[in-house]
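Reader: Before I rely on any of the labels used for this protein, I would like to go through them one by one. Could you set each value beside its cut-off?

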Amino acid sequence: MAHTLLKSQNITFANDVSNYYPEILTDEALNFISALHEKFNSERLELLNRRLKQQAIFDEGKFPEFPKETKNIRRSEWTAGTIPHDLQDRRVEITGPVDRKMVINALNSGAKTFMADLEDSNAPTWKNTIEGQQNLIDANTKTISLVDSKRGKSYYLNTETAVLLVRPRGLHLNERHLIINNEETSGSLVDFGLYVFHNTKTMLDNKTAPYFYLPKLEHYLEARWWNDVFTFAEDYLKVPKGTFKATVLVETITASFQLDEIIYELKDHIVGLNCGRWDYIFSYIKKFRNHKDFVVPNRDQVTMTTPFMDAYSKLVIQRCHKRGILAIGGMAAQIPIKNDEKANAAALEKVRKDKEREVKNGHDGTWVAHPALVDVAMAEFNKHMPTPNQLHVTRDDVHITEQDLVELPKGTVTEAGIRKNINVGILYTEAWLRGFGAVALYNLMEDAATAEISRTQVWQWLKNEVIIEDGRQFNIEMYNDIFNDEVEKILKEAGEDTIDSTKFELAINLFDQLVVSEEFEEFLTLPAYQYL
């Protein structure tokens, strides 16, 4: 039976919803979500359609350009609004999903901020999504705790905690469990709407406010959409314009060509940009996938020192500081390697060097995926950044061209690289289908971006029938041999007797279909979501 509302009769739930979470999905909260949906959903769908038209242009062999119509915005002198006091120093940010234990540990980690993630590191089951909102409410009221009776452990908040930011889902993701006017709602609007509805007053009383990370923007018109959403919600909740603040993830290749424009569209609300490195590589491959002879080497060979990555991160720093906002660096995905001191020391040194490069380049902060990395990152930023941020570092020496942003990385494709992509892609997809969005694989904390790069690279290499490092051609026969071999290894390791309790069969089929399909699927999570 569908849950009905006091005011709105236009809201129903998907048939497989059995828990209506009345304490979160109150009539008032749902009326607010309904108002957001009716005002903004059709425009969201138009923006997604615009992406398809843009892809058709890239498919003709074209590359992005700095938009001609916004030249004046790029060349004129202006700055964004103010940065709140508790977001001035963001030297180390930790990220992770919104499950209860993670929220407590991340807030207690010693990092300056915690990005609670309803997007790439959260598999959006109905339970994960709505209980995640409850965990955030409890975090903001400082009442969050957890007793793990199995381990005999209790988790509570420290007196001093990280500042909370929330990442809602990207524009492309629907919330299929909540139906308004016979349409699936937007994951972005549901995540954002429930959070501001339940937390704005509490946060303002605590001398802070709702802060967000906005993912996967591809065009300044998408930034304008978010700005309109923020302004509408501020009016609805009767709080001053500019109360909500956003940091935009620059994780699509097209966004790098419109940095000033994105900042300008959000200028009353924006406080920073972030270099979302893994999704950026995924976007780079995806956008130019149909270009002739366009092949990106093994993903391990594409680092932040690769020319197109280096260009984008320096451009982000320059444009942010010109406009008075912060430039946050990329993710260190390493996790502690237990029982191998030497390997662990090598991994931590890799993180240290990465963070040293970022702070010396002029970044104001950086990301880590695990509490054990907070001290390593903090030490580098403390050493080279005695001030709360580096807004004074203007990087006037940086001159990035359109060509610099799309320069093809040099490197090789190897059999080991193909195997790794297939292996990691299947393992991550299987965990995601079981409801886990952040997955530890081979001493790295992986999220959806990793699986996206993995399957996109294999698709692209196969489509181009690339010559791999040892001189062989990667064709469908070779793919099938390697794929079957990797599947056999995965199933053997999982154990024959446990396969029925996993999602391996579905994950294997899904990954294979995405790779061999003639048509490229924009996001792995779109077909996979139907099985959650």
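Author: Let us begin with burial: buried means under 20% relative accessible area, exposed over 50%, and partly exposed in between, with a 1.4 Å probe and protein chains only. This is a predicted model, in which local features need pLDDT of at least 70 and side-chain atom pairs count only at pLDDT 80 or more, while totals for chains, interfaces and linings use all residues. Residues are numbered from 1 along each chain as its sequence is written, and side-chain values use heavy atoms, with hydrogens and water left out.

Reader: Why is Asn 475 called buried?

Author: Its relative accessible area is 19%, and buried means under 20%, so Asn 475 counts as buried. Asn 475 sits in the loop between α14 (448-464) and α15 (476-494), where helices (H or I, at least four residues) and strands (E, at least two) are DSSP runs numbered from the N terminus. Neighbours within four places in sequence aside, Asn 475 is in contact (heavy atoms within 4.5 Å) with Leu 462 and Glu 465.

Reader: Why is Lys 207 called exposed, and what is said of its phi?

Author: Lys 207 has 64% relative accessibility and the cut-off for exposed is over 50%, so the label exposed applies. Lys 207 lies in the loop between α5 (187-205) and β9 (211-214), and its phi is near 65°, a positive value in a residue other than glycine. Tyr 21 also has a positive phi, near 40°, but Tyr 21 is buried, with a relative accessible area of 7%.

Reader: What puts the buried residues of α16 on the same side?

Author: These residues are Phe 504, Ala 507, Ile 508, Leu 510, Phe 511, Leu 514 and Val 515. They cover an arc (taken from the directions from the helix axis to the C-beta atoms) of only 165° around the axis, and therefore lie on the same side of α16. On the other side, Glu 505 and Gln 513 are exposed. The cover over the buried residues of α16 includes α13 (415-433), α14, α15 and α17 (525-529).
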